[in-house]
Amino acid sequence: MSFASEEPLIDIGVNLTHRQFAKDRSQVIERARAAGVVAQVVTGTSLATSRAAALLARDHVGELWATAGIHPHNASEFDAASLATLRTLLAERGLAGEHLVVAVGECGLDYDRDFSPREAQRRCFAAQLGLAAELQKPVFLHERAAHADFLAILGEHRQSLRGAVVHCFTGSPAELDGYLGLDCHIGVTGWLLDERRAGDLRRALPRVPLERLLIETDAPFLLPPQAKKSHGRRNEPALLPLVLDGVAHVMGRGRQEVARATTGNARRFFGLGGC
Ligand SMILES: [Zn+2]
């Protein structure tokens, strides 16, 4: 089964450095292209995966870009040297001088799993927001079960940030209003397609202004239920058109309209040239 979009799409959150893609990464990229996904932003979640993401972007100039950051799960690894390493990665350029690493992140707070102590998460998050402000790069944000603290820390930095996307937003209309109040972009994944747990998100989504909306797969995670038969367990960027369909349906808008808006937003937000 294949799902494709006639309109070009951009997947703003793909964990393409994940070991689940080790064996067939180039086919995954090819299938995405065939499905209409003209560009992908590869998520960095640690120094190691950020470095790997930058290398992928270097090998696929004009199609893949990277983020560099430390996910709240990995906040314990954050130390005095981390910012310098991230700064170096964020300056990476292609052979013709192209920007390869277009955002700081994934960073934020995750009190749902608490893989790192909360105090370490807050410190790591605030430091990366400071770095993004210094470099004038947008931030790619992760928040789970930490809305109040997250909003407070982001609020302190928001004015000096160039742009902020709350990736894989799953929250309520009230939480959404908090983010929109800080002029955030909102990233929506296939979480929306999971009827058992997407109630909040489905109520919130119609309030997102089209010019603030971005779409993503978060592959290999969050496989849309419709693709279980054809894809087993692993999500991949070629399934982004399913997210587009779900978003258009829940918002009561045309597929083409949502595709054009989100692709334009992604190009502007990350400053992607040539895709
Ligand atoms: Zn995340």
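Predicted model: local features only at pLDDT ≥ 70, side-chain atom pairs only at ≥ 80, totals over all residues.
Close-up 1. Residues are numbered from 1 along each chain as its sequence is written, and side-chain values use heavy atoms, leaving out hydrogens and water. The zinc ion is held by Glu 106 (OE), His 142 (ND1) and His 167 (NE2), at 1.8 to 2.1 Å (donors are N, O and S atoms within 2.8 Å of the metal, or 3.2 Å for Na, K and Ca; water isn't among the atoms, so sites may look incomplete). Glu 106 is buried too, at 4%.

**Close-up 2. Phe 125, Phe 150, Phe 169 and Tyr 179 make one aromatic cluster.** Ring pairs of Phe, Tyr and Trp (its six-membered ring) need centres within 6.5 Å; planes under 30 degrees apart are stacked, over 60 edge-to-face, the rest tilted. Phe 125 and Phe 150 are stacked, 5.0 Å centre to centre with 15 degrees between the planes. Phe 150 and Tyr 179 sit 5.7 Å apart, centre to centre, with planes at 85 degrees, so that pair is edge-to-face.

**Close-up 3. Arg 197 puts its charged end over the ring of Trp 191.** The distance to the ring centre is 3.8 Å (the cut-offs: NZ of Lys or CZ of Arg within 6 Å of the ring centre and within 35 degrees of the ring normal). Over at Tyr 111, Arg 118 lies over the ring face, 4.2 Å from the centre.

Conventions:
Buried < 20%, exposed > 50% of the residue type's maximum accessible area, 1.4 Å probe, protein only.
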